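Hello,

Here is the structure I said I would pass on. My notes come after it.

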Amino acid sequence: MELLIEYLSYPFVRYAIIVGVLIAFCSSLLGVTLVLKRMSYIGDGLSHVAFGALAIASVLKITNNTLIILPVTVLAAILLLAFGKNAAIKGDAAIAMLSVGSLAFGYLLMNKFSTASNLAGDVCSTLFGSTSILTLSKESVLLCFILSIFVVVVFILFYNKIFAVTFDETFAKATGVRTGMYNLLIAVIIAVIIVLAMNLVGSLLISALVIFPAMASMRVFKSFKAVTVSSAVFSVFCALAGIIISIIAGTPTGATIVACDAVMFGLFCVVGAIRQ
Amino acid sequence: MALISAKDLTIGYSDLVLYRDLSFDINEGDYVFVIGENGTGKTTLMRTLLGLRKPLNGEVVTDGLKLSEIGYLPQQTVVQRDFPASVKEIVLSGFVGRLGFKPFYTGKQKKTALEAMKRFGVDDLASRCYRDLSGGQQQRVLLARTLCAATKVLLMDEPVAGLDPFVTEEFYGLVEKLNREGMTIIMISHDIAAAKKYASHILHIKNDPRFVEKNEYFASGEGNEFSILAENGEG
Ligand SMILES: Nc1ncnc2c1ncn2[C@@H]1O[C@H](COP(=O)(O)OP(=O)(O)OP(=O)(O)O)[C@@H](O)[C@H]1O
Ligand SMILES: [Mg+2]
């Protein structure tokens, strides 16, 4: 406890917590849409692409690597969406190829060109998140902050359209909604969320951050709005708990957060079962 | 010019032509029943009229009709089993085409949605989860949504499927009233008795489809035959 209070007196710790909570908040918002549109595997594929991009950025020694990762991931999201429509190339196979390919190339690049002394540690921290988000630079904190706000604002402005496109795309299209545009918007937001979440939990654990809150809330709540709100609260709570526990116990932040998500998911399952 | 005109439509799928050279004009205020056997291409035609798919040949021309003025009831709404959506949220989403760049629904739209729910007797289910409703209740919710979307044209694909006799009667009454107020109705249905009673035009889909006025259709030998067949099949 004392340790925690001591930590909290440092401004960078407080920033990290704020950023962590914001990222958790954003990544929960589109969870329902992703799960129900069967796009969750896109999220998974994209996170591996983001890893590949990160490897390139670190080889090129670019200090603010988000500037590379973000455009690459957004582009990959748009490509995957286009592939998904094209029946000739199976959507999920395309995603599998892209994601495994980026993982392999990413690791190859890091292995061959990285000058860091602790390569295994480097790779590990990009896959599972840095041991602590406290190591984020000031610029990345600011960037995270801006991107999170962007995601939240876009989500609120397009909430009703996202609902309609998720629930019944045919109807939405027939009554004049430009569904293609909104699918694209959803893909771009996912890409942004993934780049954000990579800072918090690393590229392998991102899906957990997106899917756990939505899956848990869907077991208990019955309307889209209630599920969305519950996901957000769920995610923020777990992120907060995870970060604090990781500070006290000295565990890796990303893994701790995801572990909290998993435990809470179990709890929601029990509540859902009782309610039935 | 007609509200919706089909010009030399060839309808089908890449390796399957269902019928060729279908032309017709639907004018404002028409009440069209689309009839025909299973698998003849009624749903495919409706999806083509809506621009959801391209015809193999020919074109659909509309005059002064925006997509956001159309209400559409699909034959099957493939909603994933787990979708968490309340009845209210779904009915309200009928207005989504008219949102444009506005992010939220207006108070007036919320009121209209409530009226639509009342009309189909699902207002007391407003906060229930759609996936927990019976098939007929789900159909009524989707009808209420369609009603919210439609200001000029109602396109419905087998709207009475799954409705009980009372709700069916009420439904036809409601549609008739809307039609009298100027709404154009295009309805796919196997209910020949209702077609006889309410339609202004019949579009009979088969190998060579026909679009004719109701009286002319039922007076013709072919129309007579089909309706007797259909009614016997039903009873
Ligand atoms: N996606 C598709 N690809 C290829 N063929 C299709 C497709 N969808 C439908 N068909 C075929 O096109 C034909 C017309 O289908 P459609 O759904 O339009 O029939 P329908 O007249 O609405 O029948 P019902 O009365 O049973 O609803 C059918 O023979 C069907 O097998
Ligand atoms: Mg059909």
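This is a predicted model: local features need pLDDT of at least 70, side-chain atom pairs count only at pLDDT 80 or more; totals for chains, interfaces and linings use all residues.

Residues are numbered from 1 along each chain as its sequence is written, chains are lettered from A and ligands numbered from 1 in the order in which they are written, and side-chain values use heavy atoms, with hydrogens and water left out.

Chain A

There are 14 helices and zero strands in chain A (DSSP runs numbered from the N terminus: helices are H or I with at least four residues, strands E with at least two). Of the 276 residues in chain A, 51% are buried (under 20% relative accessible area; exposed is over 50% and partly exposed in between, with a 1.4 Å probe and protein chains only). Among contacts in chain A with a separation of 6 or more, 76% join residues 24 or more positions apart; a contact means heavy atoms within 4.5 Å. Chain A exposes about 12200 Å², with 73% supplied by carbon and sulfur atoms (Shrake-Rupley method, 1.4 Å probe; for residues, only the protein chains shown count as cover).

Chain B

Asp21(B) is not a glycine, but its phi is positive, near 55°. Asp21(B) sits in strand S2 (residues 16–26) and counts as exposed because its relative accessibility is 56%.

Glu158(B), also a residue other than glycine, has a positive phi near 50°. Its place is the loop between strand S6 (153–157) and helix H5 (165–180). Glu158(B) has 18% relative accessibility and therefore counts as buried.

Regards
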